[in-house]
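This briefing goes through one structure topic by topic. Please look over the sequence and the 3D view before reading the points below.

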Amino acid sequence: MIQVKQLQKEFRIHQSRAGLGGAFRDLFSREYKTVKAVDNLSFTVEEGEMFALIGENGAGKSTTIKMLTGILTPSSGDIVINGFVPFKEREDYVRSIGVVFGQRSQLWWDLSPLESFRLLKSVYKVDDTAGEKWLERLIEELDIGSFVSQPVRKLSLGQRMRCEVAASLIHKPRLLFLDEPTVGLDVLVKQKIREFLRNLNETEKMTILLTTHDVSDIEALCKRVLVMDKGKLIFDGLLSDLKEHWGNGTEVSFQMKKRTKASELRNVLGDMPCTIEQINDYSLRVQVPRSQEMLPFVLSTVMASFDVSDVKIMETSTEDIVRNIYRTDGEVASHA
Amino acid sequence: MHKFYMELIRMRFLTMLAYRVNYYSGIIIYAINIGAYYFLWGAIYGGQQQLGGLSVAQMTSYVAIAWMSRAFYFNNIDMEIAQDVREGKVAIEMIRPYNYLSVKTAQAFGEGIFRFLFFAGPGIFLISLIIPFHFPATAQGWGLYLLSLLFAFLINTQVNLLTGLLTFFMFRNDGMIRAKRVIVDLMSGLVLPISFFPGWAQTLMGFLPFQAINYYPSLIFTGVTSAARAWQLIGFQVIWMVVILIPILILWRMARSRLVVQGG
């Protein structure tokens, strides 16, 4: 459904010279620096997939989404989506997609969302009866019925965001792009939007692509994750593989009844590939790589050999993983 | 799609209606302008019957109608485009299956109709009470005037699209947009009928599209021209419209490929 091959986007950025003299010189000749926002990006997406594009600020996520939606023209490379080349056949192509920008509104500020929907329906030439039914479903599932006829400027961010999602779906697109859809929203609204998207993916087989900074978005929604860094794709694969690849494994902290040293624990565990860390005289932390058999073994051995008063098991969160990825200039891990 | 453009025109019309208080002050400003020009021209004419081929009465009508025409063809879509580009709103316009420039033109048209009905109409009525004013005598005169006014709107809108599009390349061109406004007012014959300019300036302006924006329709309204001449003027307007369309299309293509969405 989406095919991206060796996609590149370069921007020419004007460099200002310092000081008044520099400003004068800028009037006549300008210096430019070429920045590669997206560098040799390739991936494919099947119909009905739901996946996330993550990365630091400035990693090139938004630029990528803007090229995929036909807003920006790539410097080189190929994109084919739904059988269209987005930047070439923009007007036809955008009929088959929906886009939500978390930071920009597509509703008309002075109108109510309902009137915006009506206008969008005439933009997309939506069939009246089927369109009406679909809209009713959107309104019900996003739970926006109570404020859908108030002017947009009077809505809260959470209310507006749900209306934005509805607006992007008015024409029942096959593909939905969401660029940071949950920025600034509270937990309840986030949850509502996620549930709605998941349901949409299941019932309508809609392909959904989102960029986000919010790791819980990915955990709740996506199986597949693409990680970008400095314009390059550094990981493309399943969320579980991501954890395997970048995670710290599992952390177990033991609270002992007696003073226990790390070396004593090491004796018991033998040459198990794990790291032991002394927190204080009574508590120790063991870090176990991700593997099915290792954790039960560590637990049972330690429990059998020492008087343990408390045990805590901590799975590395996706958040830690993302932090790990951002910290390292990692190699490319490929999907497929 | 056709339905959508009608909807856009209607919506802009309604938005203008919502902010109508702006327009009460607008009417007063236009009335003062027209009044000032009326007395100014009265002084310039002194006792003379004719100047530059226009009688005092025709000149009065010319001044009044020039301002009223302006109410219809004038719009700020270049400013709007500049704002869309500056704030990155073009991104939203690009994800919609329509042509951005056509949408802007439709919106400008909604604004034009509003001004024509609620601004130029009452304005002309008020002025005709105070100063001697000559309406076209025949239905044909009215028809020719309205037709040429429509083309005046289109040409002015195209000029605005052109200056607006330059924002895609320069990112800040407020100064140019303002300069353009003054140039259009001067060269279109709003401030001074084209026939009053020195010969070399008239020749120069013959090669520019601006007189098609105001001078032609106003001339047709005053009845100085024959019907045949009026048709000829409308013909020039059509030619200008086609000619300006070419750079717009080229610039639009270039703008699309160079587009940078500002602010993330």
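This is a predicted model: local features need pLDDT of at least 70, side-chain atom pairs count only at pLDDT 80 or more; totals for chains, interfaces and linings use all residues.

In which loop of chain A does Glu180(A) lie? Glu180(A) is found in the loop between strand S6 (175–179) and helix H7 (187–204) of chain A.

**Overall form of chain A**
- Chain A contains 12 helices and 13 strands.
- The radius of gyration of chain A is 25 Å, whereas the globule rule gives 20 Å for 336 residues; the value is well over the rule, so chain A is more spread out than a compact globule.
- Along the principal axes, the C-alpha atoms of chain A fill a box of roughly 75 × 60 × 40 Å.
- The domain assignment divides chain A into domain 1 (49–61 + 85–244) and domain 2 (249–315).
- Between the C-alpha centres of domain 1 and domain 2 of chain A there are 44 Å.
- Of the 336 residues in chain A, 36% are buried.
- Taking contacts in chain A between residues at least 6 apart in sequence, 73% join residues at least 24 apart.

**A sheet of chain A**
- Four strands of chain A form an open sheet in the order S11-S12-S10-S13, and their pairing is antiparallel.
- Strand S11 (275–278) and strand S13 (308–315) of chain A are the edge strands, since each pairs on one side only.
- From one strand to the next, the twist averages 20°.
- In general, strands of a sheet pair through backbone hydrogen bonds, and the pairing is either parallel or antiparallel.
- S11(A) pairs with strand S12 (residues 283–288) of chain A over 4 bridges, in the antiparallel sense.
- Opposite Glu277(A) stands Arg285(A), a residue of S12(A).
- Helix H10 (residues 262–269) of chain A lies across S11 and S12 of chain A and runs at about 155° to S11(A).

**Nonpolar cores**
- The largest nonpolar core has 92 residues. Those with the most contacts inside it include Phe51(A), Ala166(A), Phe177(A) and Val225(A).
- If neighbours within four places in sequence are left aside, Phe177(A) is in contact with residues including Ile65(A), Leu68(A), Ile97(A) and Leu209(A).

**Contact between chain A and chain B**
- Chain A gives 23 residues to the contact, and chain B gives 20 residues.
- On the side of chain A that touches chain B, the elements giving two or more residues are helix H2 (61–68), helix H3 (90–93), strand S5 (97–101) and helix H4 (113–123) of chain A.
- H4(A) gives the most to this side, with 3 residues.

- Most residues other than glycine have a negative phi.
- Glu180(A) is not a glycine, yet its phi is positive, at about 45°.
- Is Glu180(A) buried or exposed? Glu180(A) is buried, because 20 other C-beta atoms lie within 10 Å, and 20 or more is the cut-off for a buried residue.
- Asn82(A) also has a positive phi in a residue other than glycine, near 55°.
- Asn82(A) is placed in the loop between strand S4 (76–81) and H3 of chain A.
- Asn82(A) has 18 C-beta neighbours inside 10 Å, so Asn82(A) counts as partly exposed.

Methods. Residues are numbered from 1 along each chain as its sequence is written. Chains are lettered from A and ligands numbered from 1 in the order in which they are written. Two strands pair if DSSP finds at least two bridges between them. Axes are lines fitted to C-alpha atoms, for helices over the stretch in contact, and angles run from 0 to 180 degrees between N-to-C directions. Two residues are in contact if their C-beta atoms, placed from the backbone, lie within 7 Å. A nonpolar core is a set of buried Ala, Val, Leu, Ile, Met, Phe, Trp, Tyr and Cys residues joined through C-beta atoms within 7 Å. A residue is buried if 20 or more other C-beta atoms lie within 10 Å of its own, exposed if 12 or fewer, and partly exposed in between; C-beta atoms are placed from the backbone. Domain bounds come from an automatic or database domain assignment. The radius of gyration is taken over C-alpha atoms; the globule rule is 2.2 Å times the number of residues to the power 0.38.
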